[in-house]
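Subject: Handing over the two-chain model

Dear colleague,

Please find the structure we talked about just below, followed by notes on what turned up in it. I would be grateful if you read the notes with the structure open beside you.

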Amino acid sequence: MMVLLEINNLKTYFHTRSGSVKAVDDVSFKLGKGEVLGLAGESGCGKTTTCLSIMRMIDNPGEILEGEILYENAKEVMGSSDNTERTNNILDLTDAEMRRIRGNHIAMIFQGAMNAMNPVHRIGDQIMEVLKIHEPEVPKEEMWQRVIDILEVVGIDSSRARDYPHQLSGGQKQRALIAMALINNPDIVIADEPVTALDVIVQAQVLKATKELQKKFNLSMIMITHDLSVIAEVCETLAIMYAGKMVEYGKLRTVFKEPSHPYTQLLIEAFPSIVGPLKELKDIGGDVPDLRNPPLGCNFHPRCPKVMDICRTEEPPSFATKDGFVACWLYEVKKEK
Amino acid sequence: MKMTKSNEPVIDAIHVSKLFPVMKGIIEGLFKRSEQKYVHAVDDISITIQAGETFGLVGESGCGKSTTGMLLLQLLNRTSGTILYKGMDVASSFTWPGYISLILNVHFFMPIGYGLSYIFRSKESRDSLKSVINKSKEEARIYKENLDDKEVLDRIKNLRREIQIIFQNPYDSLSPRFNVMDIVAEPLRLLKVYPSEAEVEQRVLKELDSVGLVPPEDFINRFPHELSGGQRQRVGVARAFTVDPEFIVADEPVSMLDVSVRVGILRTMNKLSKERGTAFLFITHDLALARVMCNQIAVMYLGRIVEQGPTEEILHNPLHPYTKALIAAVPKPDPDAHRTEDLPIVGEVPSGIDIAPGCRFNPRCIYAIEECSQIDPQLETVKKDYYVACIRYKEINKIK
């Protein structure tokens, strides 16, 4: 699989008066062409910040301190003069170049379909705005036709293009947002909690539409969600984040069926299901650490049932698993023996 | 109703409805003559909850589950039906502000409207307005009588102690200016449960301890912003349990919380309700949570209960077409359970104002036949404690 996006040692901190919040701390992963990656974790673990960093939408007091975000097609947006010496790193692009990436190459579906749209503009016009910015030379009639086409693709009747957001139901609004993200044929779509605010039946319909569209356009997707069952429905790869770190990464089945990291194991056990036998649910004791001064060593050690001495002092590096990696000292011990 | 004292249900709601009138604008009200429309938020539902039982109410947003909770709490006055609390009818709450607004309406706003109707309206509409005013005057008189009746007021005040609520959002339902001690002690102080402040404090400490905020001494001086989401909701649980209620409505108590802390809160609530024999109404949109918490659930659709019965049976073998769709739509946390087939439902939830004639689910139902748009199905007994409202449930599920 061709690697489309590669993130290496990304660090995004937010500088506050009481110290820097290490929202994303040394995160690395890859996204292949046509791959759907699920990014899961509790609130405040850095999932959204990771993706906003990819879009370079981190604003003051936030700062991308270190790392590189390599995007395969980054050269397409650069001016023709000095292409040879420059890398594919998104973080090195000028603001003007980055604007050409956003929406055109990497698009984002924002959280909260209910509030993500401008209430005083028709949805067709809002979708067309994306086209106007990235392809101003296209005649208006053709743009409108493309808006109508994309609305039909996501499953909204073309007659609704002249409706205002409040005239659409929650599911339709979410579909319109997906249309907005897809209209420029991006390579990568980042979806931030795309179905969280929807009812289960609508949620299932939108998820199904998303899955079909992803196959149709062979999109690469990053799906951010706290709901592991949503990830189980649509994703191929799964990354689990905890307190700014990526603790486990691997194929969906592997992470779900044979989770390596103690946090992943507990998270999956805490998830109630309506299928299968009624199991005794367990909760993870304790609370998420304060990211201004995270605990020494592994971030999870104060809550970890399998904590060892080394966890308290040294930060675990990534150890390879069957088809991914896990950041936990348990797996080093196994290798030595 | 003949029942022995011991197995008398804590809450018994019989054919309860709540209609919200749809407001018209002033201009529309003056010039257009149209029938008054209503949102059928809760339409003819009956619920019985025994002491120590946890009853689950599930459904999509807008199906009336929260309104039902509000009605049982007497926070909303019902339009029709009876709600018996421990066998006693508690009609509605009577307050002075409520009386004043009623009086203002009858003696001020309504006469103005009546006067204006001389200019804009015909004689018939004026007469109908007159009868509405007379009816409202009669209502105001009854309201005043109840308000003067000390016994009624005492009963209602007592009710406020015995019925409690746990709110959905622990970030908004705790006052940011109160510390934990004041938040949990407030109902005790307001209802004057204990004569001395020392006893109140002791009770608060005990309650914090039992919801898992240990050691409680560390928490009493903290403010809500110093607590995590899970801890806040534990404070909310402690506040509800502190006055020894007989009945608690928990309206989506964990939907704002992370998965890793949800289970702990649910278990705490379960433990406390079992220990103290509190009846629980658990309102949730999440069937998986209802499965963890409740023995009995009722599935609501557009203000009606469509299926009611033991949780495990409904989840494994739903009888009503809507329940079937709802269960099929729930994503499963299992990569092998990939869903391929289409959901057995069409369209989207219609508005609660103009409800389709017949079965209100028939426009979306894949099994709907001609009769479904004519007959409004009532809950039928399938077996003991299992009810379904569908005229074709036997056919669909091949039950003899």
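Two strands are taken to pair if DSSP finds at least two bridges between them, and the elements named below are DSSP runs numbered from the N terminus, a helix being H or I over at least four residues and a strand being E over at least two. This is a predicted model, in which local features need pLDDT of at least 70 and side-chain atom pairs count only at pLDDT 80 or more, while totals for chains, interfaces and linings use all residues. Residues are numbered from 1 along each chain as its sequence is written, chains are lettered from A and ligands numbered from 1 in the order in which they are written, and side-chain values use heavy atoms, with hydrogens and water left out.

To begin with the sheet in chain B, four strands form an open sheet in the order β2-β1-β4-β5, with antiparallel pairing. Because β2 (38-49) and β5 (88-89) of chain B stand at the edges with a single partner strand each, one side of each is left without a neighbour in the sheet. Within that sheet, β1 (residues 11-21) of chain B is joined to β4 (residues 80-85) of chain B by five bridges, the two running antiparallel, and D12(B) has L84(B) in β4(B) as its bridge partner.

In chain A, β1 (residues 3-16) and β2 (residues 19-32) pair in the antiparallel sense over 10 bridges. These two strands, β1(A) and β2(A), form a hairpin with two residues between them, and L5(A) stands opposite L31(A) in β2(A).

Turning to the interface, 41 residues of chain B are in contact (heavy atoms within 4.5 Å) with 37 residues of chain A. The two chains bury about 3700 Å² between them, 58% of it on carbon and sulfur atoms, where buried area is the accessible area (1.4 Å probe) that two parts lose on being put together, summed over both. Of the area that chain B buries against chain A, S260(B), R291(B) and P333(B) supply 17%, more than any other three residues.

The count between the chains is one salt bridge, a term that requires a side-chain nitrogen of Lys or Arg within 4 Å of a carboxyl oxygen of Asp or Glu. That salt bridge is formed by K257(A) with D334(B), whose closest N and O atoms are 3.1 Å apart. On the side of chain B that touches chain A, α9 (259-276), α10 (287-293), α11 (311-316) and α12 (321-329) of chain B each supply at least two residues, and the largest share, six residues, comes from α9(B).

Over all chains the count comes to 29 salt bridges. One of them joins E42(A) and R303(A), with the closest N and O atoms 3.7 Å apart; this pair links distant parts of the chain, 261 residues apart, from the loop between β3 (36-40) and α1 (47-54) of chain A to the loop between α9 (262-269) and α10 (309-313) of chain A.

Some backbone details may also deserve a look. The peptide bond from N60(A) to P61(A) is cis, with omega near 0°, and P61(A) has its place in the loop between α1 and β4 (62-71) of chain A. In chain B, a cis peptide bond joins V214(B) and P215(B), with omega about -10°. A243(A), although not a glycine, has a positive phi of about 45°.

With best wishes
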